[in-house]
Each structure stands twice: as C-alpha cells, then as structure tokens.
Amino acid sequence: MGFNINLNNEFNYREKIKLPELSGGGIVLSYKCTNRCRHCLVAGSPERENKWLGRGEAEEIFKYIKRTGPGAEIHIGGGEPFLNTQCLIDAVELAVAEGIKLSYVETNGFWGNNFNKYEPVLKELYKIGLRSVLISVSPFHAEFIKPQITINAIKSVRNVFGFHGAFVWIPEFLNMLNKNDITKTIDWNTINPDIIKRAGDMYYLIPGGRCGYSKTPVADKKPAADFFITSCERELLSTSHFHIDAYGNYMPGGLCGGIKMCSYKEAGTEINLNDKPLIKLLFNEGIRGLFDYAQKMGYIEKSDGYCGKCHLCVDIRTFLFNKFGAEKYLELAPAEFYETLIKESSL
Ligand code: SF4
C-alpha cells in the first residue's frame with residue numbers, strides 16, 4: 001500500500017514547532033564579501049550592505065547560544081569576515097569569553113598577499129583562543145581570487161596556527177587549480193561543464209542562494225515535479241548547521257539561505273507558523289506545497305528545469321518577494337538577499 005500524504009497531513013499538520021537544542025552553526029558577521037561566488041547560499045557580494053554584527057549583539061547571541069545549546073559548535077563566517085578585522089576579533093573574543101566551542105573562522109583568503117597587515121590579525125586571533133581557520137578553495141572562489149593568493153593565505157595561517165590550524169576546504173581543488181596558471185583568476189567559461197558538476201558534488205553543494213542560477217549548471221536540471229517527493233521538515237528543524245546573521249535572523253540548519261525561521265531569541269521557544277505561511281507550507285507539504293501555492297499566485301515553472309529542490313524553492317521565493325514586496329512574507333529575510341538575486345538576474 002502506498003504512502004498517503006493527505007492522511008499524513010491530516011494527522012501531522014503543524015501550526016507550531018519547537019526547534020531541538022542548538023547543536024552547531026555559524027555566525028554571519030556580514031553579507032559583504034570580496035567575491036560574488038556562483039555557489040554562495042547567502043548571495044554575499046561586494047554590493048551587500050556594509051552592516052556588521054555589533055559587539056553588544058554578538059555578546060547577546062553567544063550568551064543565548066550558551067543557554068540554548070551549551071554544547072553547540074560554532075563557526076564564524078560571512079560574507080568575508082576578514083573585511084572587518086575588528087569585528088572578527090571582537091566576535092572571537094566574545095565567543096571565547098562565553099565558553100562557546102569555536103570550531104573555526106571561515107575565509108576566502110583574499111588577504112593572502114598582504115602578510116604585513118594580516119599576520120598581526122592572525123596572531124591576535126590565535127592569542128585570544130581561536131585554533132582553526134577554514135580557507136575556501138574551489139573553482140567558484142578562484143574566479144575571483146588568484147589561487148596563488150589562496151595558497152599564500154594557507155601558508156600564513158600555518159605559520160601562526162601550525163599545520164593543522166589551516167582547514168583547507170577542500171584540498172583536492174588545489175591540485176585541480178594547479179593545472180592552470182595559478183597567478184591568474186580562472187575564466188569560468190573555459191571550465192569543462194562536467195568539472196563544474198563534479199565540483200558541486202565534491203563541495204557538497206546545495207543549489208540554494210545564487211547557486212542554482214550558475215550559467216554552467218552545478219547539476220543536471222530537472223522539472224519541478226521531480227522534487228515533489230521530498231519534504232523540508234528535516235532541514236527546517238535541523239539545528240546542526242543553523243546561521244544567525246548580523247540582523248539577528250535565525251536561518252534553519254538545513255542551509256536554507258534567505259529563510260528567516262525566527263529571531264535568534266526565539267530559537268529555543270515554540271515558533272508559530274501561522275504568520276510564516278511559506279515556512280508552514282514547506283514544513284507541512286514540502287516543496288510541492290510551495291510550488292502549488294506559487295502557481296496560484298502566478299508563478300510559471302522554468303522550462304529548462306532546476307538544479308535541485310532548493311533552486312526551485314529560491315526561485316519561487318524570489319518570485320513572491322518580487323511580486324508582493326518584503327511585507328507580505330516576513331520569513332523572506334533578509335530582504336537584501338532577494339533584492340540581490342533580482343538585481344543580478346537582470347544583469
Ligand atoms: S527546498 Fe527550501 S526549505 Fe526545503 S531545504 Fe531547500 S531551501 Fe530549505
């Protein structure tokens with residue numbers, strides 16, 4: 001006998017949810033970045049607002065995490081955190097002071113050729129208590145940062161933090177990039193499309209944020225209906241990779257960029273879904289529920305398909321944001337995420 005989704009909805013339809021204890025996540029110091037990487041889940045870019053997490057807000061957030069998930073492992077990222085070294089130092093200092101388990105700070109290593117300016121910053125971070133720096137290495141990053149600069153950033157981190165203090169994510173790409181001239185950024189249009197798809201797999205890419213819109217797709221595109229079988233309950237309830245941004249938004253642990261589940265202050269409380277109709281649909285009916293709703297609102301399925309359910313989800317959410325503005329769906333936040341995608345799609 002087949003699974004009856006209507007029967008399941010009748011018994012399980014939820015109007016309120018409570019997140020489990022926070023188990024791991026990231027603090028987005030800012031969405032501002034040196035890059036406009038094609039795979040970015042939060043659509044970071046140089047054009048994003050120059051808004052950074054303030055010291056007082058950071059302190060409150062770390063206190064809150066300590067109360068609601070005392071064992072949670074936290075990383076600090078962005079955007080690009082080394083664009084505001086004082087904010088970064090403050091965040092690490094406050095996390096350590098609150099007794100947070102700090103796993104790493106994440107960077108694209110744009111500063112790798114500026115040893116004089118950034119070595120003291122690395123030393124300060126180490127002195128405060130940071131023990132690992134994640135340096136991103138991928139074709140997506142190499143479109144904006146010369147691989148030689150990334151390599152120099154890795155060397156700088158190793159000089160200060162020791163060999164294992166540089167968490168290279170992911171090292172296999174160093175070999176791939178080494179086949180080109182590492183003193184130049186890569187030309188995306190010259191990369192074999194199969195390599196982009198393999199890179200997506202190697203990087204465990206989720207086609208949310210800007211990722212699904214990559215001109216060379218990161219995955220084979222399929223019609224919307226191919227994704228209807230999956231629900232989003234697991235991703236929305238997950239607290240294993242949540243993000244809290246500089247506006248205080250809590251984003252689900254399934255890496256759903258552009259979805260504000262709640263304010264971080266509500267993360268340990270019961271969350272009412274009735275004022276978050278899109279999350280309510282995604283939670284109870286999955287991407288199919290969101291798609292059916294969007295079609296009634298005028299959404300037209302893309303004829304060339306989608307790289308995954310999260311690409312479909314972002315496309316629908318961007319359509320709804322564009323049509324109804326920021327006020328109708330409070331869960332579509334930060335607004336600048338959607339404004340960025342809309343602006344970029346018209347370029
Ligand atoms: S489809 Fe949407 S809600 Fe579901 S996991 Fe992807 S981004 Fe999150």
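Me: Which residues of α3 are buried?
Reply: In α3, the buried residues are Cys-87, Leu-88, Asp-90, Ala-91, Val-92, Leu-94 and Ala-95, where buried means that 20 or more other C-beta atoms, placed from the backbone, lie within 10 Å of a residue's own, exposed means 12 or fewer, and partly exposed is in between. Helices here are DSSP runs of H or I with at least four residues, strands are runs of E with at least two, and both are numbered from the N terminus. This is a predicted model, in which local features need pLDDT of at least 70 and side-chain atom pairs count only at pLDDT 80 or more, while totals for chains, interfaces and linings use all residues. Residues are numbered from 1 along each chain as its sequence is written.

Me: And what do those buried residues of α3 pack against?
Reply: They pack against β2 (24-28), α2 (55-68), β3 (73-77), β4 (101-107) and α4 (115-128), with contact meaning C-beta atoms, placed from the backbone, within 7 Å.

Me: What follows α3?
Reply: Gly-99 follows α3, and its phi is positive, near 75 degrees.

Me: New topic: which element gives the most to the shell around the ligand?
Reply: That is α11, with 3 residues; the residues surrounding the ligand include Lys-309, Cys-310 and Cys-313, and a residue is near the ligand if its C-beta atom, placed from the backbone, lies within 6 Å of it.

Me: Last one, is Asn-192 buried or exposed?
Reply: Asn-192 is exposed, because it has 9 other C-beta atoms within 10 Å, and Asn-192 lies in the loop between α7 (172-178) and α8 (193-202).

How values were computed. Two residues are in contact if their C-beta atoms, placed from the backbone, lie within 7 Å.
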